[in-house]
Amino acid sequence: MANRITRRKFLISSGLAGIALKSPMLFANTSGNAASSPIMRRIPGMDESIPAIGMGTWITFNVGGDTQLVQQRTRVLKTFFDLGGTVVDGSPMYGSAADVMGEALDSLDAHDRIFAATKIWTGDESETRAEAARSSRRWGVERFDLLQVHNLLGWQGHLETLKQMKANGEVRYIGITTSHGRRHREFAQIMERESLDFVQLTYNVLDHEVEDRLLPLAQERGIGVIVNRPFQGGSLFRRFQSEPLPNWAGEVGVSNWAEFFLKYIISHPAVTCAIPATSKVEHMKENMGALYGALPNAGQRQRMADYVRSL
Amino acid sequence: MSGADWLSYSLQDFVMFGPQVFLRLFVRINQDLWPWQVLAVVAAIGIPVLLLRQGRNARRLAVGLIAVAWAVSGYGFLVGYFGPINWPAVWFGWAFVAQGVLLAAAMFSGGVREAALPSGRFVALWLIVVCGLPWLAVAESGQWQALALFGIAPGTTAAAGALIVAVITGPWRWLYLPLLVLWSLFSAAMFWVLQAWWLLVAPVATLFLVGAGSWLSPRTAQSPD
């Protein structure tokens with residue numbers, strides 16, 4: 001039977017095609033072609049890949065016992081999972097964020113969808129296991145995929161215990177973190193000496209310091225890199241949101257500023273994953289847009305950095 | 001953590017929540033307490049009346065109500081609501097409870113003056129504080145349910161409590177002052193980071209009212225003590 005195209009069918013099809021072209025994310029998970037596949041990054045030395053965009057929970061998930069806000073953050077997490085995200089990073093330092101994450105995971109029954117990463121944040125180096133156990137209870141996960149020493153606090157003792165925990169199968173990966181450019185020299189020394197799966201550091205289109213030493217060192221040593229503060233704590237949006245995207249933004253797979261900032265980061269060959277934080281579903285959708293489509297090459301990355309500096 | 005480590009942190013690193021979450025605390029505690037905050041309003045209006053009446057019992061009742069306000073706002077708001085998102089708030093919460101106990105101890109130990117207060121100025125300042133400061137959270141949040149009432153919200157309670165310096169004597173006054181100053185500095189820094197400009201008025205007012213309370217204090221010569 002001939003499939004006749006009526007005027008009505010034509011208009012509906014044209015409209016859907018227009019929406020699809022304008023909003024690639026809308027159809028991101030519904031087809032198997034390359035354009036809609038999430039950008040995955042292999043964990044160095046492992047047969048496992050993770051999505052290049054994860055999420056942080058600093059400030060955004062610290063909402064205490066506010067039921068209304070817990071439900072709202074649960075919707076943010078659901079959006080993250082629905083759009084292909086898995087890596088969620090937290091810390092005992094972030095107030096109630098761990099409890100809120102636990103509640104949200106329970107609500108979504110999503111414990112098997114998460115790559116759970118948290119930190120050890122205590123000066124007492126004998127408390128590593130106890131703090132990891134507390135965090136496990138709060139998140140409602142049996143074990144963490146990744147445990148990191150937060151800002152190198154008591155790192156010697158914690159790292160030794162974390163190595164034992166990894167050997168015993170109590171955690172899958174271990175690492176160390178820094179942020180805001182703190183203690184990079186000591187950070188590099190630890191990367192050189194210790195056997196680490198991941199490091200977490202601050203990197204964004206304005207904060208480039210890690211390009212000189214830490215990112216090349218991570219590549220050389222086969223260490224995965226998680227990038228925090230990709231939006232410089234939101235200040236990149238405050239500074240540049242009102243500016244136009246460059247007219248060549250489409251060439252680098254970018255349709256908004258969130259994608260611009262994130263694709264700049266995850267296109268660095270040393271970077272495994274960036275972890276932007278947000279409290280809004282709409283912003284989460286924008287962030288996850290960076291998980292799809294084209295990535296800038298080295299020349300285009302330079303052009304992106306130059307463009308931001310010129311504003 | 002070493003001193004150098006602490007110095008590498010900025011003020012922003014210690015404020016781990018956003019302004020929306022903080023302002024929702026006022027809405028939530030008002031919703032949870034309703035209608036009992038009417039008692040707080042009655043107490044706020046009744047305290048200056050009691051303070052201005054001659055007689056030991058009226059003044060003791062007024063000071064006792066302020067002591068209860070310190071303790072309730074500390075345990076209720078700071079420990080119960082604010083603590084889960086900001087751990088230093090728990091310390092301040094218990095310090096507020098201790099401040100209430102201190103005030104009660106002063107009341108029973110002769111640490112409260114019985115001399116007459118300059119009524120007009122005291123009542124005017126008190127009413128400005130308990131009727132005006134609650135609206136700062138409303139102005140900041142845009143929600144009238146965020147009223148920061150005396151006896152419930154720590155900022156308004158501390159500001160009104162600062163004025164009571166007028167009736168506290170000698171060493172009790174020196175014990176009473178540190179929390180007022182520390183809370184003002186802590187909350188001012190927090191509101192600055194949150195860019196909650198309206199709320200900044202409360203800690204500034206508290207420090208001003210410490211001075212005003214001292215100024216309104218009956219001179220020793222006038223006191224029967």
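**Entry 1: the link between the chains.** I began with a term: a salt bridge here is a side-chain nitrogen of Lys or Arg within 4 Å of a carboxyl oxygen of Asp or Glu. I also noted that this is a predicted model. Between chain A and chain B I found a count of 1 salt bridge. Asp66(A) and Arg24(B) form a salt bridge, with their closest N and O atoms 2.6 Å apart.

**Entry 2: the interface.** How many residues does each chain bring to the contact? I read 20 residues from chain A and 18 residues from chain B. The area buried between the two chains is about 1,700 Å², and carbon and sulfur atoms give 50% of it. On the chain A side, Asn62(A), Met93(A) and Arg182(A) supply 29% of the area that chain A buries against chain B, more than any other three residues.

**Entry 3: helix H2 of chain B.** Arg24(B) made me look at this helix, where Arg24(B) is among the buried residues, as are Phe22(B), Leu25(B) and Ile29(B). H2(B) covers residues 19–33 and reaches 22 Å from first C-alpha to last, close to the 21 Å expected. What do its buried residues pack against? I listed helix H2 (67–82) of chain A, and from chain B helices H3, H4, H7 and H9.

**Entry 4: the cores.** The largest nonpolar core has 165 residues, and Leu77(A), Trp139(A), Leu201(A), Phe22(B) and Phe82(B) have the most contacts inside it. Helix H4 (residues 56–82) of chain B gives this core its largest share, 11 residues. Apart from it lies another core of 11 residues, including Ile43(A) and Phe115(A).

**Entry 5: two leucines.** Is Leu162(A) buried or exposed? I have Leu162(A) down as buried, because its relative accessible area is 0%. Leu162(A) sits in helix H5 (residues 155–167) of chain A. Beyond its neighbours within four places in sequence, Leu162(A) touches Ile120(A), Thr128(A), Leu147(A), Val149(A), Val171(A) and Ile174(A). Ile120(A) is 42 residues away along the chain, with 9.5 Å between the C-alpha atoms. I then turned to Leu61(B), in helix H4 of chain B. Leu61(B) counts as partly exposed because its relative accessibility is 48%.

**Entry 6: chain A as a whole.** I counted off 11 helices and 10 strands. Of its 311 residues, 55% count as buried. Among contacts between residues at least 6 apart in sequence, 77% join residues at least 24 apart.

**Entry 7: salt bridges within chain A.** The structure holds 18 salt bridges over all chains, and I followed a few. Asp99(A) pairs with Arg138(A) at 2.8 Å between the closest N and O atoms. Asp99(A) is in helix H3 and Arg138(A) in helix H4 of chain A, so the pair ties together parts 39 residues apart in sequence. Arg129(A) and Glu170(A) meet in a salt bridge at 2.7 Å, N to O. Arg129(A) is in H4 and Glu170(A) in the loop between H5 and strand E7, so parts 41 residues apart are tied together. Asp145(A) and Arg172(A) have their closest N and O atoms 2.5 Å apart. Asp145(A) counts as buried because its relative accessibility is 11%, while Arg172(A) is partly exposed at 24%. Through shared partners, salt bridges join Glu48(A), Asp145(A) and Arg172(A) into one network.

Key:
Residues are numbered from 1 along each chain as its sequence is written. Chains are lettered from A and ligands numbered from 1 in the order in which they are written. This is a predicted model: local features need pLDDT of at least 70, side-chain atom pairs count only at pLDDT 80 or more; totals for chains, interfaces and linings use all residues. Side-chain values use heavy atoms; hydrogens and water are left out. A nonpolar core is a set of buried Ala, Val, Leu, Ile, Met, Phe, Trp, Tyr and Cys residues joined through side-chain atoms within 4.5 Å. Buried means under 20% relative accessible area, exposed over 50%, partly exposed in between (1.4 Å probe, protein chains only). Helices (H or I, at least four residues) and strands (E, at least two) are DSSP runs, numbered from the N terminus. Contact means heavy atoms within 4.5 Å. The expected span of a helix is 1.5 Å times one less than its number of residues. Buried area is the accessible area (1.4 Å probe) that two parts lose on being put together, summed over both.
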